[in-house]
Amino acid sequence: MRTKLITGLSAGATLALLLAACATTAPAPSRGKVLYEDFCAACHGPGGKGDGVLAGEWKRPPADLTGIAARNGGTFPLAKVLSQIDGYTRSTDSHSAMPEMGPVFQDSPTVLVDTGDGIETPVPGALLALADYLRDLQD
């Protein structure tokens, strides 16, 4: 009987410690946020306002990414954002300092996404995660 009491207390103490550890652990940042911090924040800033540490290095300031939807009639233009990040819609004679990010995402497993035209289009999952994070930044 004494063994059962000790075992019960040990299990209870272990459970309490596990719950305490869970309560104090911050949730992991989203994949899109991590990608943003790795590839975008230096120019666009930590909050997407275009005020990153490298923002002053360019002839044209980086875009304020928090106003994408506002600049598009209140709708987040997913297809346009995906294409802009990827670099697909920018011509080679563009004066934009924005690098083509397509090569960064080309090895990411693809996911099917409807960008608003009713057609499921394969998109690199990492690229979609980044675009979803930008959607979350909208004012």
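What follows is a short chat about aromatic pairs and one proline in a predicted model.

Biologist: What am I looking at, and how are residues numbered?
Modeller: The model is predicted, so local features need pLDDT of at least 70, side-chain atom pairs count only at pLDDT 80 or more, and totals for chains, interfaces and linings use all residues. Residues are numbered from 1 along each chain as its sequence is written, and side-chain values use heavy atoms, without hydrogens and water.

Biologist: How many aromatic pairs are there?
Modeller: There are 2 aromatic pairs, counting rings of Phe, Tyr and Trp (its six-membered ring) with centres within 6.5 Å; planes under 30 degrees apart are stacked, over 60 edge-to-face, the rest tilted. Y36 and Y133 make a tilted pair, 5.5 Å between centres and 45 degrees between planes.

Biologist: Where do Y36 and Y133 lie?
Modeller: Y36 is in helix 2 (residues 31-39) and Y133 in helix 6 (residues 125-136), so the pair ties together parts 97 residues apart in sequence. Helices here are DSSP runs of H or I, at least four residues, numbered from the N terminus.

Biologist: Are Y36 and Y133 buried or exposed?
Modeller: Both Y36 and Y133 are buried, meaning under 20% relative accessible area; exposed is over 50% and partly exposed in between (1.4 Å probe, protein chains only).

Biologist: And what about F39 and F105?
Modeller: Their ring centres are 6.5 Å apart with planes at 70 degrees, so that pair is edge-to-face. F39 is partly exposed at 40% relative accessibility, while F105 is buried at 1%.

Biologist: Changing topic, what does P62 contact?
Modeller: Leaving aside neighbours within four places in sequence, P62 contacts C43, H44, G50 and A55; contact means heavy atoms within 4.5 Å. P62 is buried, at 15% relative accessible area.

Terms used:
Helix = DSSP H or I, 4+ residues; strand = E, 2+ residues; numbered from the N terminus.
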